[in-house]
Amino acid sequence: MLPWKRLLRPLAALLLTASVALVPATVAHASGAASSGWNDYSCKPSAAHPRPVVLVHGTLGNSVDNWLALAPYLEDRGYCVFSMDYGQLSGVPVFYGLGPIDKSAGQLSAYVDKVLTATGAAKVDIVGHSQGGMMPRYYLKFLGGAAKVNALVGIAPDNHGTDLDGLTKLLPYFPGAADLLSKNTPGLADQVVGSAFLTKLNAGGDTVPGVHYTVIATKHDEVATPYSSQFLSGSDVHNVLIQNLCSLDLSEHVLIGLTDRIAFHEVANALDPAHATTTNCASVLS
């Protein structure tokens with residue numbers, strides 16, 4: 001393992017810990033700031049940005065911690081921004097995205113309807129991190145979401161599952177481990193390469209007509225591996241490797257969704273392609 005990756009992993013853990021500590025203050029901002037588009041259900045989309053943006057957190061994330069940087073970034077650019085919790089397990093607070101993913105997609109369906117009703121918009125755009133970039137595809141494909149979604153932007157999404165750098169291949173050597181995983185954390189089991197959920201999701205093609213897909217990946221991803229498995233195939237797909245835009249970008253799986261303004265710039269481009277600007281290393285200052 002490269003030395004910088006040894007340093008980034010504890011740094012990522014530290015960021016997550018700090019963000020959990022900030023939950024009470026951030027929830028107050030997200031739900032109560034009338035001037036903010038983040039979870040402000042009185043927000044009306046502008047002519048420039050006519051679709052509200054729904055943010056979908058990743059595994060072990062939640063509607064606040066995952067978006068402490070990206071939600072304000074999009075707010076500042078004039079978007080109505082909303083975020084949801086999904087995949088909760090009984091007795092497990094704060095850390096969500098652990099329930100069966102098909103059920104989580106049903107929660108997303110209900111939430112999108114809530115946002116459309118509140119804003120009066122015809123469609124939303126969805127931006128998701130990790131599982132949150134993959135799970136909406138079930139909503140689009142099987143739950144009627146394609147009629148209500150203009151674009152899906154996945155940041156490090158495990159679209160074809162993950163082998164966790166080969167660790168999942170060890171499951172057969174531990175009798176009962178796979179069953180234990182499925183029983184206690186079905187949302188994790190559903191994301192393992194070859195799961196029944198992923199087989200159903202990807203059968204017949206990665207995409208559905210009428211939705212614009214963008215995937216933003218990092219070659220330093222150590223969770224959704226191999227990183228190339230994140231990319232989608234289809235006629236309306238834009239696959240982005242962030243290091244092709246800035247070779248100095250060292251973000252791994254967590255940081256690309258939490259703090260990476262180069263990735264955020266690509267998100268903004270995907271949401272408003274008519275006004276897209278070049279993404280490069282200087283985008284950290286945009």
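**Close-up views: disulfides, sheet and salt bridges**

**Figure 1. Cys281 counts as partly exposed, at 29% relative accessibility.** Here buried means under 20% relative accessible area, exposed means over 50%, and partly exposed lies in between, with a 1.4 Å probe and protein chains only. The model is predicted, so local features need pLDDT of at least 70 and side-chain atom pairs count only at pLDDT 80 or more, while totals for chains, interfaces and linings use all residues. Residues are numbered from 1 along each chain as its sequence is written, and side-chain values use heavy atoms, with hydrogens and water left out. A disulfide is a covalent bond between the sulfur atoms of two cysteines; in this model the criterion is a pair of cysteine sulfur atoms within 2.5 Å. Cys281 forms a disulfide with Cys246, and the two sulfur atoms are 2.0 Å apart. The disulfide of Cys246 and Cys281 is right-handed, because the torsion about its S-S bond is about 100°. Cys246 lies in the loop between helix H10 (242–245) and helix H11 (255–258), and Cys281 in the segment after helix H12 (261–271), so the pair ties together parts that are 35 residues apart in sequence. Helices (H or I, at least four residues) and strands (E, at least two) are DSSP runs, numbered from the N terminus. Cys246 counts as buried, at 4% relative accessibility.

**Figure 2. A disulfide joins Cys43 and Cys80.** The sulfur atoms of Cys43 and Cys80 are 2.0 Å apart. This link of Cys43 and Cys80 is left-handed, with -80° about the S-S bond. The pair links distant parts of the chain: Cys43 is in the loop between helix H2 (23–32) and E1, Cys80 is in the loop between helix H3 (70–75) and E2, and 37 residues separate them. Cys43 and Cys80 are both buried. The count comes to two disulfides, and with bonded cysteines counted along the chain their pattern is 1-2, 3-4.

**Figure 3. Six parallel strands form an open sheet.** The order of the strands is E2-E1-E3-E4-E5-E6; two strands pair if DSSP finds at least two bridges between them. Strand E2 (81–84) and strand E6 (237–241) stand at the edges with a single partner strand each, so one side of each is left without a neighbour in the sheet. From one strand to the next, the twist averages 15°. Helix H4 (residues 101–119) packs on the sheet and touches strand E1 (53–56), E2 and strand E3 (124–129). The direction of helix H4 makes about 150° with that of E2. Axes are lines fitted to C-alpha atoms, for helices over the stretch in contact, and angles run from 0 to 180 degrees between N-to-C directions.

**Figure 4. Val240 is a buried residue of strand E6.** The strand E5 (residues 212–217) runs parallel to E6, and five bridges join the two. Within this pairing, Val237 in E6 is the bridge partner of Tyr213. Val240 counts as buried because its relative accessibility is 5%. The residues Val240 and Ile216 are 24 residues apart in sequence, yet their C-alpha atoms are 4.8 Å apart in space. Neighbours within four places in sequence aside, Val240 is in contact (heavy atoms within 4.5 Å) with Val215, Ile216, Ala217, Phe231, Leu245 and Glu266.

**Figure 5. Asp125 forms a salt bridge with Arg51.** A salt bridge is a side-chain nitrogen of Lys or Arg within 4 Å of a carboxyl oxygen of Asp or Glu. In the pair of Asp125 and Arg51, the closest N and O atoms are 3.0 Å apart. The pair links distant parts of the chain: Asp125 is in strand E3, Arg51 is in the loop between H2 and E1, and they are 74 residues apart. Asp125 counts as buried, at 1% relative accessibility, whereas Arg51 counts as partly exposed, at 23%. The count for the model comes to four salt bridges.

**Figure 6. Salt bridges link Lys148 to Asp113 and Asp206 to Arg137.** The closest N and O atoms of Lys148 and Asp113 are 2.7 Å apart. This pair links distant parts of the chain, 35 residues apart: Lys148 is in the loop between helix H6 (136–142) and strand E4 (149–155), and Asp113 is in helix H4. Lys148 counts as partly exposed, at 27% relative accessibility, and Asp113 is partly exposed with a relative accessible area of 31%. In the pair of Asp206 and Arg137, the closest N and O atoms are 3.9 Å apart. Asp206 lies in the loop between helix H9 (196–202) and E5, and Arg137 in helix H6, so the pair ties together parts that are 69 residues apart in sequence. Asp206 counts as buried at 13% relative accessibility, and Arg137 is buried with a relative accessible area of 2%.
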